[in-house]
Amino acid sequence: MAHALASRAPVPCGAVAPVIFSGIQPTGRKHLGNYIGAITQYVAGQDRGDPAIYCIVDLHATTVAYDPVELRERVHDTTAVLLAAGLDPERCILFRQGDVPEHAELCWLLTSVTALGELNRMHQFRDKSAAQRELVSAGLLLYPVLQAADVLAYRAHEVPVGEDQREHLELMRNIAERFNTRFGEGILVVPEHRIPEVGARVRDLQLPERKMSTTGGSDQGTVYLLDEPAAIRRKFKRAVTDSDDPPLLRRGDDKPGVTNLIDILAAVRGTTPASVELELAGARGYGDLKVAVGDAVVERLVPLQERFRAIRADEQALEAVLAAGAAKARATAAATLADVRAAMGVGPP
Ligand code: AQP
């Protein structure tokens with residue numbers, strides 16, 4: 001099946017079941033932004049994708065300072081979170097990036113059609129390089145090229161991500177188009193991003209002008225998936241809103257804190273922000289909104305946390321899931337690499 005997938009001609013999104021691909025960093029502290037912006041889309045994609053492929057990107061994690069022993073632990077944490085959130089290895093391909101060497105090779109080959117100027121302009125590179133105390137690694141600059149390799153190796157049509165990845169997705173599309181123009185039309189598929197309508201950019205509860213983030217936000221403004229229920233409720237109770245008097249329970253660019261809470265509530269309930277606004281029309285103030293969203297998030301996360309604890313305890317089982325996923329992934333990636341090498345004149349004829 002994997003080879004059939006690799007040799008199939010690119011199809012416009014929606015014409016047949018799309019190949020879906022997305023990657024996620026291995027951290028022990030996945031937050032509500034990752035969950036709403038990406039993980040819930042992964043779960044939904046399992047039944048639409050043919051196949052849906054999800055990758056824990058340990059190679060990307062080496063681009064900033066890290067501890068090698070901890071990295072393996074964090075891969076297990078993230079695998080367990082994804083399984084607890086509803087990924088089913090029978091219905092998707094879940095694997096670790098470092099188990100499939102084709103990603104690194106394709107990254108190198110794609111650097112030949114990537115402009116240095118484009119990489120220098122990436123916001124994430126600028127922010128993360130400014131935050132490095134010791135070494136700004138070349139890997140940090142090449143991060144989006146490796147991301148392009150991740151997706152293009154599977155000729156994916158669709159990439160579910162949060163709003164923060166829009167710029168990287170555009171670069172990925174440029175790389176694929178440039179490759180095809182230079183080495184042969186149709187060799188790589190130019191992917192589309194899939195950004196959720198609600199929750200594409202979950203904001204930090206204390207600093208609502210910023211996205212909720214593993215590295216760039218505030219601890220009290222970041223709701224981690226494995227936070228205790230009491231801590232989750234407390235973080236929402238202390239969320240920054242605004243000083244409108246009387247309080248206005250509506251969304252708007254001038255109300256980032258309130259908009260964020262309404263969006264989170266809508267996303268975890270699977271409803272629309274407009275219906276949340278309607279429901280809260282009679283509320284006494286922001287306190288009611290904060291309690292409602294805290295309760296809804298706790299209700300959603302407690303069962304996930306229980307499943308996480310059971311799944312995380314069995315590291316052998318986690319490794320077995322990742323190994324089986326890598327074997328399937330590699331069959332497809334190797335076929336793409338064979339086409340790419342042949343088109344580029346690299347290696348034996
Ligand atoms: N605040 C967010 N709102 C919606 N989606 C988000 N994502 C991240 N933050 C938000 C999406 O989560 C997916 C996985 O992200 P990642 O683990 O690869 O890390 P990241 O994109 O770098 O985001 P983090 O976790 O907050 O880390 P830092 O601090 O490094 O930026 C992606 O699809 C992302 O869009």
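Predicted model: local features only at pLDDT ≥ 70, side-chain atom pairs only at ≥ 80, totals over all residues.
Q: Which residue ranges make up domain 1 and domain 2 of the protein chain?
A: The domain assignment divides the protein chain into domain 1 and domain 2. Domain 1 is written as two segments, 20-200 and 314-344. Domain 2 is given as one range, 229-310.

Q: What distance separates the centres of domain 1 and domain 2?
A: The centres of domain 1 and domain 2 are taken over C-alpha atoms. Between these centres the separation is 30 Å.

Q: How many residues does the contact take from domain 1 and from domain 2?
A: Contact here requires heavy atoms within 4.5 Å. By that rule, domain 1 contributes 11 residues and domain 2 contributes 13 residues.

Q: What area is buried between domain 1 and domain 2?
A: The size of an interface is often given as the accessible area lost when the parts come together. Carbon and sulfur atoms give 77% of the area buried between domain 1 and domain 2. The whole buried area is about 960 Å².

Q: How many salt bridges does the rule find across the interface of domain 1 and domain 2?
A: A salt bridge requires a side-chain nitrogen of Lys or Arg within 4 Å of a carboxyl oxygen of Asp or Glu. Across the interface of domain 1 and domain 2, the number found is zero.

Q: Which helices give two or more residues to the lining of the largest cavity?
A: The structure holds two cavities of 30 Å³ or more, and the largest cavity has about 50 Å³ of space. Its lining consists of Met122, Gln124, Phe125, Lys128, Leu140, Tyr143, Pro144 and His168. The elements that give two or more of these residues are helix H7 (123-131) and helix H8 (138-152).

Q: How many residues in the lining of the largest cavity are nonpolar, polar and charged?
A: Lys counts as charged, whereas Met, Phe, Leu, Tyr and Pro count as nonpolar. The lining of the largest cavity therefore divides into five nonpolar, two polar and one charged.

Q: What is omega for the cis peptide bond from Asp245 to Pro246?
A: Most peptide bonds are trans. Pro246 lies in the loop between helix H10 (229-237) and helix H11 (256-269). For the cis bond from Asp245 to Pro246, omega is near 5°.

Q: What is phi of Arg155?
A: Most residues other than glycine have a negative phi. Arg155, in the loop between H8 and strand S4 (158-160), has a positive value, near 50°.

How values were computed
Residues numbered from 1 in each chain as written. Heavy atoms only, no water. 1 Å grid on protein atoms, 1.4 Å probe; cavity = no way out; pocket = protein on both sides within 12 Å on 5 of 7 lines; lining within 4 Å. Points joined across faces, edges and corners; volume = space filled by probe spheres on them. Helix = DSSP H or I, 4+ residues; strand = E, 2+ residues; numbered from the N terminus. Domains from an automatic or database assignment. Buried area = accessible area lost by both parts, 1.4 Å probe.
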